[in-house]
Amino acid sequence: MPSHPTRHTIARQWQLLKLLPDRHPGMSSTQLQAALARAGHKTSKRTVERDLNELAMLFPLHCNSKGMPYGWYWQPGLSLNGAEQLQPDALCPSQQIELHAWVDDGLARRLEGQPLSADMHLAHQDDGGAMLAATVQDSRALMGWLLSQASSIKVKAPETLRLSLIAQLRQSLALNDEGY
């Protein structure tokens, strides 16, 4: 689990979006809470409900409120993959890159359950963590994911991605280190 509460929230909400079905009747907040727990995000049912309400303001999510328990699902015809196509990245062609990174044990466990790509490979290290190799789309979504996992991952290649991540982290640190 990420140690910083904001990164933890982003990771949990991203996982929640991935869990939502693409059709009616959807999944209840209790079912989603259990699925999140299996994915390593232990949280309360009320937090899941709050997350769903927040995410519904940003993504095309629907709530089947005709009967109890309410079921949440993606707008018909969309899923997380479909919603990603609505984001600004879709206007700019992205390319596939070969991501190489060291990840800590916690992130390695989560990636085993939710691989980044079909060709992802994790090589566990004797001194802890694992070396990650995966073919991924070079996009803002990738950078957002890397930033959300910043305390658990060390990008090795490509160098341009590593330098871009460092620049984003330095900018954030400078902004937040200025005080009030």
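Let's start with the pocket. Ser28, Ser29, Thr30, Lys45, Glu49, Leu52, Asn53, Met68, Pro69, Tyr70 and Trp72 line the second largest pocket. Two elements each give two or more residues to that lining: helix H2 (29-38) and helix H3 (45-56). H3 supplies the largest share, 4 residues. The volume is about 150 Å³.

How is a pocket defined here? On a 1 Å grid over the protein atoms alone, a pocket is an open set of points where a 1.4 Å probe fits, with protein on both sides within 12 Å along at least five of seven lines. Lining residues have an atom within 4 Å of a point. Grid points are joined across faces, edges and corners, and the volume is the space filled by probe spheres set on the points.

What classes make up the lining? There are 5 nonpolar, 4 polar and 2 charged residues. Nonpolar covers Ala, Val, Leu, Ile, Met, Phe, Trp, Tyr, Cys and Pro; charged covers Asp, Glu, Lys and Arg; the others, Gly among them, are polar.

Now the ground rules. This is a predicted model, with residues numbered from 1 along each chain as its sequence is written, and side-chain values use heavy atoms, leaving out hydrogens and water. Local features need pLDDT of at least 70 and side-chain atom pairs count only at pLDDT 80 or more, while totals for chains, interfaces and linings use all residues.

On to confidence. pLDDT is the predictor's confidence in each residue, from 0 to 100. The protein chain averages 84, and 85% of the residues score at least 70. Residues 88-92 stay under 50. For that stretch the model has 5 contacts (heavy atoms within 4.5 Å) beyond four places in sequence.

Next, the fold. The protein chain has 7 helices and 6 strands. Helices (H or I, at least four residues) and strands (E, at least two) are DSSP runs, numbered from the N terminus. The order from the N terminus is α-α-α-β-β-α-β-α-β-β-α-β-α. Take contacts between residues at least 6 apart in sequence: 57% join residues at least 24 apart.

Surface, quickly. The protein chain exposes about 10,900 Å², with carbon and sulfur atoms supplying 53% of it. Areas come from the Shrake-Rupley method with a 1.4 Å probe; for residues, only the protein chains shown count as cover. Of the 180 residues, 36% count as buried. Buried means under 20% relative accessible area, exposed over 50%, and partly exposed in between (1.4 Å probe, protein chains only).

Some single residues. His41 sits in the loop between H2 and H3. Its relative accessible area is 2%, so His41 is buried. His41 and Gln13 are 28 residues apart along the chain, and their C-alpha atoms are separated by 9.7 Å.

Ser152 is in the loop between helix H6 (140-148) and strand E6 (153-157). Is Ser152 buried or exposed? Buried, because its relative accessibility is 4%. What does Ser152 touch, leaving aside neighbours within four places in sequence? Trp102, Val103, Asp104 and Leu107.

Glu159 belongs to helix H7 (residues 159-177). At 39% relative accessibility, Glu159 is partly exposed. Its C-alpha atom is 9.8 Å from that of Leu99, 60 residues apart along the chain.

Last, the cis peptide bonds. His24 to Pro25 is cis, with omega near 10°. Pro25 lies in the loop between helix H1 (5-19) and H2. Ala157 to Pro158 is also cis, with omega near 0°. Pro158 is in the loop between E6 and H7.
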